[in-house]
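Biologist: Before we discuss details, could you put the model on the screen, so that we can go through it by question and answer?

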Amino acid sequence: MTQKNSVLLTGSTGFLGKQLRRLLHKNNIKTILILRKKIDLLDNEIAIYTDDLFSENKVFWQQIFDDYNENNDGKITTILH
């Protein structure tokens with residue numbers, strides 16, 4: 001089984017984030033979005049919701065990596081913020 005790399009993207013509803021999200025989708029890269037509000041997801045996107053990503057502790061972030069890396073055929077290798 002081929003392992004696929006994934007990107008964790010914050011700020012995906014802002015000006016630059018929208019452009020990055022579009023580019024990642026175009027290149028069929030699995031993307032984990034950290035969001036405050038619900039949006040329509042594209043193919044290959046996973047949403048994780050939080051009221052304030054800056055107030056989250058290391059347990060929150062570690063859980064994202066642990067859950068994703070255990071339950072998917074890829075690993076989060078890049079964080080874009």
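Predicted model: local features only at pLDDT ≥ 70, side-chain atom pairs only at ≥ 80, totals over all residues.

Biologist: Where is R22 placed, and is R22 buried or exposed?

Modeller: R22 belongs to helix 1, which covers residues 15-26. The computed figure is 52%, so R22 is exposed.

Biologist: How many salt bridges does a search of the whole structure find, and which side chains meet?

Modeller: In general, side chains of opposite charge can pair when their charged atoms come close. The search of the whole structure finds one salt bridge. With a distance of 2.7 Å from N to O, the side chains that meet in a salt bridge are those of E45 and R21.

Biologist: Which parts does the pair tie together, and how many residues apart are they in sequence?

Modeller: One partner of the salt bridge between E45 and R21, namely E45, lies in strand 3 (residues 45-49), while R21 lies in helix 1, so the pair ties together parts whose separation in sequence is 24 residues.
Both E45 and R21 are buried, and for R21 the relative accessible area is 12%. The parts asked about are therefore strand 3 and helix 1, 24 residues apart in sequence.

Biologist: Which residues does R21 touch, not counting residues up to four places away in sequence?

Modeller: R21 is a residue of helix 1, and it counts as buried because its relative accessible area of 12% is under 20%. With residues up to four places away in sequence not counted, R21 touches L9, S12, L33, I39, D40, L41, L42 and E45.

Biologist: What about S12, then: is S12 buried or exposed?

Modeller: S12 sits in the loop between strand 1 (4-10) and helix 1. Its contacts, leaving aside neighbours within four places in sequence, are G17, K18, R21, L33 and L35. Since its relative accessibility is 2%, S12 counts as buried.

Biologist: With which residues is L42 in contact, leaving aside its neighbours within four places in sequence?

Modeller: L42 is located in the loop between strand 2 (30-35) and strand 3, and its relative accessible area of 34% makes it partly exposed. Once the neighbours within four places in sequence are left aside, the contacts of L42 are R21 and H25.

Biologist: What separates the C-alpha atoms of L42 and T31?

Modeller: T31 is part of strand 2, and at 2% relative accessibility it counts as buried. Along the chain, L42 and T31 are eleven residues apart, and the separation of their C-alpha atoms is 9.4 Å.

Biologist: Which residues does T31 touch, not counting residues up to four places away in sequence?

Modeller: The question concerns a buried residue of strand 2. Not counting residues up to four places away in sequence, T31 touches V7, L9, L24, N44, E45 and I46.

Notes
Residues numbered from 1 in each chain as written. Heavy atoms only, no water. Helix = DSSP H or I, 4+ residues; strand = E, 2+ residues; numbered from the N terminus. Buried < 20%, exposed > 50% of the residue type's maximum accessible area, 1.4 Å probe, protein only. Salt bridge = Lys/Arg side-chain N within 4 Å of Asp/Glu carboxyl O. Contact = heavy atoms within 4.5 Å.
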